[in-house]
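Please keep the sequence and the 3D view at hand while reading.

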Amino acid sequence: MSASGTGTVLVVDDEPMVLEVVARYLELDGHRVHQSSSGDDALAWLAVNDPALVVLDVMLPGVDGLTILRAIREKGDVPVVLLTARAEEVDRVVGLELGADDYVVKPFSPRELAVRVRNLLRRANGVVPTAGSSVNVLRFDGLVVDPTAREVTAGDHLVTLTPKEFDLLHHLASSPRQVFSRHQLLDAVWSSSPDYQDPATVTVHVGRLRQKIEADPEHPRWITTTWGVGYRFEP
């Protein structure tokens, strides 16, 4: 794959006004932007380019956003922000389960989207650690979390996590046995709040983490639920 797209944010939306406004705000924030107005065009561009991040509308003519998300996740862990309609809660949940890192509901604030993109890229590049994090490698019996390399090892194998999954795990593991509510995790890991984002986002990401790091996701060893309160990491 070509490196010509490296460092470029791919924005995919079939509404010309949305493309123009999002691209303008991201460019003002210092990003290179490539615009795609259809799923087919986006897939063609992704076939020969490596984006730094993808802003992806779910509802696209032809190849839809969830199909593109699946293709992105088959190749790697590029951060993905979904753009979804307010009424399409099912698409948001499915998108998160497929590996989206974040979502913004239409109509949205372009400024808020630019902040979400900035935070995701910083965390993906290891520039800004999550709250309560440390440069030290976190070592537990059977699990290693390395914030510098942004790598996780469970048992004897390397675990592939999306940037947001890593941030969530690292935040929880940095404060063992401390219970965090979903609202607290939205604030610390997503730099968001329930006013802008559904707390179910946290629930879906916890479920994905358990599938990847737990020997028995139905009876988790590492990330446990404190019913009625939130989640905690068991050392």
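Is Glu15 buried, partly exposed or exposed? In this predicted model, Glu15 is partly exposed, with a relative accessible area of 39%. Glu15 takes part in a salt bridge with Lys106, and the count of salt bridges comes to 13.

**The Lys106 and Glu15 pair**
- Between Lys106 and Glu15, the closest N and O atoms of the salt bridge are 3.2 Å apart.
- Because Lys106 lies in strand E5 (residues 102-106) while Glu15 lies in the loop between strand E1 (8-12) and helix H1 (16-28), the pair ties together parts that are 91 residues apart in sequence.
- Lys106 has a relative accessibility of 16% and therefore counts as buried, the cut-off for buried being under 20%.
- Asp13 and Asp57 join Glu15 and Lys106 in a network of salt bridges.

**The salt bridges of Glu234**
- Glu234 forms a salt bridge with Arg177, with an N to O distance of 2.5 Å.
- This pair links distant parts of the chain, 57 residues apart, with Arg177 in the loop between helix H6 (163-173) and helix H7 (182-189) and Glu234 in the segment after strand E11 (230-233).
- Glu234 also forms a salt bridge with Arg232, where the closest N and O atoms are 2.5 Å apart.
- Glu234 counts as buried at 13% relative accessibility, whereas Arg177 is partly exposed with a relative accessible area of 45%, and Arg232 is partly exposed with 22%.

Technical notes
Residues are numbered from 1 along each chain as its sequence is written. This is a predicted model: local features need pLDDT of at least 70, side-chain atom pairs count only at pLDDT 80 or more; totals for chains, interfaces and linings use all residues. Side-chain values use heavy atoms; hydrogens and water are left out. A salt bridge is a side-chain nitrogen of Lys or Arg within 4 Å of a carboxyl oxygen of Asp or Glu. Helices (H or I, at least four residues) and strands (E, at least two) are DSSP runs, numbered from the N terminus. Buried means under 20% relative accessible area, exposed over 50%, partly exposed in between (1.4 Å probe, protein chains only).
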